[in-house]
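This report describes selected helix packing and ligand contacts in a predicted model. The sequence and structure are shown first.

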Amino acid sequence: MAQPNETITNAENTSPPAFDTRTWVVSPTAPADELESSLSEAARMLQAGLLVAFPTETVYGLAANARSHTALQGIYRAKGRPSDNPLIVHVASIDEFLALGRNIPQTAIRLARHFWPGPLTIIIPTAYGPEAACETARAGLDCVGVRMPSHPVALALLRACGLPLAAPSANLSGRPSPTTAKHVSFDLGGRISGLVDGGPSDGVGLESTVVEATDDADGGGRIVILRPGGVTREQLEEIVGVGRVTLDPSIVMKTPTPTNGPSADTAASTLSTSTSPLPHPQLTILPKQNSARAAELASIERLTAGTSAGASSDAASSPSPSPSPSPSSTTPGPKAPGMKYTHYAPRAPLHLVDGSIDFLLSLALPVVRRGDVVGLLCTVESRPAIDSWLISESIPSDLVHLRTCGSRADLPSVARELYTVLRAFDETPVQVILSEIFPQDGVGQAIMNRLNKAAGGQIITQG
Ligand code: TXA
Ligand code: MG
């Protein structure tokens, strides 16, 4: 069995703690009892207070015993996670959920019965006592976030260890959440004891929806979405009624205001001109790197610097994740503490482009003409226009890295591929990334929430 190396106990040591991360490859389609027994070693590690990453239908999680302060401290340390950001507790049944809370609103119970197992996290007042999630999982709050995942491997692991498992996404804080075991080992290999590889987390591909539910005096319910995710606002409205589901005000995206960027006409002329206009003033372009790998290592160094200190102080001194710009200076902070941090960010600055594909390409052209490298995050629908632009403008192939992320006609496909695509840019030497935006219906709300955070709120709007 993998054993933790002694360096973990040295809070002053800034190099990553060294673990011999044990990996088990399992098939999610295996019979449940077979799966459970193939996970017995992973379960024993969790019972012993070690950290094990595992797949869920949303993203990979990094699990520890939700009742063990010491085990949970390991999560904050391995991820470099701010200590004020509580963890979601995963359970294998509704009964376990009921045991974790007290005075649980009927609406919360209705949601659990309707959407579980599935990508919905419900915040409830916490129980106290030996059965409850420990204060470290709750980051000191008097409420706890609970979810019952639907991924067969996640359920088998929960049953095999017989514990509620606190599990944040299994990435270094600030990085895009992992949807494959490869992503997990890239971020956390050598920092955790175990990794269950159950194939891609390709059910949703984005984290669960986080909600708070209350009962009205009239017997109706109200829901506040603290983080949009796999269960959509429209699905929640089917349970409590339209007008009874709201978004936490601090995460409502500001409608972008038009900038002094090129107008549609200018954009068209930019495309056909042979002179080299200056890049759009809103674009942040990284200086050239010697190689993609050097850039990648610099990015990991930036993320892990100072993160091996103890859970109580690591985040405060860590340069990442940093608080995101608030949608409005007058709105209070988000009720889900994690929503105040910049997240999901690739190494190169990401800019969202609210406009036509021609407008997006007009922003890329001056950058490429300077010899800088551009990443384009687009959908299958935009590929033909981009391909013909590459030919008509004779763009050198090494200056544009194109990554296709699903189809506009099928937003769940965009959600499934988004994190893989964001991470893929880190393997290229791109100095700036331009992305299409998406309608905020259904899962589009979660896609835009994550893209907006990855872009640090940077949206360039066609004039
Ligand atoms: O899909 C998911 O939710 C994944 C998988 C692994 O289950 N987990 C995940 O965990 O995304 P994490 O830690 O990356 O995000 C949890 C979010 C954070 O924004 C956190 O602030 C919020 O949920 N949260 C957790 N407990 C809370 C609580 N008691 N009160 C308010 N917000 C809470
Ligand atoms: Mg996370």
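## Packing of α13 and α14

Helix α13, residues 357–369, packs against helix α14, residues 383–392, at an angle of about 35°, and their axes are 10 Å apart. The crossing of these two helices, α13 and α14, is right-handed. On the α13 side the contact is made by I357, L361, A364 and L365, and on the α14 side by A385, I386 and W389. By class, the contact of α13 with α14 comprises seven nonpolar residues, with no polar and no charged residues.

## Packing of α15 and α16

Helix α15 spans residues 411–425 and helix α16 spans residues 444–454; the two pack at an angle of about 20°, with axes 9 Å apart. Because angles under 35 degrees count as roughly parallel, α15 is roughly parallel to α16. The crossing of α15 and α16 is left-handed.

In this contact, L411, V414, A415, L418, Y419 and L422 of α15 meet G444, I447, R450, L451 and A454 of α16. The residues of the contact of α15 with α16 divide into nine nonpolar, one polar and one charged.

An N or O atom in the side chain of R81 is 2.8 Å from an oxygen atom of the ligand, and a polar side-chain atom of R147 lies 3.0 Å from a ligand oxygen atom. For P337, a backbone N or O atom lies 3.3 Å from an oxygen atom of ligand 1.

How values were computed. Residues are numbered from 1 along each chain as its sequence is written. Chains are lettered from A and ligands numbered from 1 in the order in which they are written. This is a predicted model: local features need pLDDT of at least 70, side-chain atom pairs count only at pLDDT 80 or more; totals for chains, interfaces and linings use all residues. Side-chain values use heavy atoms; hydrogens and water are left out. Axes are lines fitted to C-alpha atoms, for helices over the stretch in contact, and angles run from 0 to 180 degrees between N-to-C directions. Helices (H or I, at least four residues) and strands (E, at least two) are DSSP runs, numbered from the N terminus. Angles under 35 degrees count as roughly parallel, over 145 as roughly antiparallel, 65 to 115 as roughly perpendicular and the rest as oblique. A crossing is left-handed if the near helix is turned anticlockwise from the far one by less than a right angle, and right-handed if clockwise. Contact means heavy atoms within 4.5 Å. Ala, Val, Leu, Ile, Met, Phe, Trp, Tyr, Cys and Pro count as nonpolar, Asp, Glu, Lys and Arg as charged, and the others, Gly among them, as polar. A polar contact is a pair of N or O atoms within 3.5 Å; within protein, one must be able to donate a hydrogen and the other to accept it, and residues adjacent in sequence count only if both atoms are side-chain atoms.
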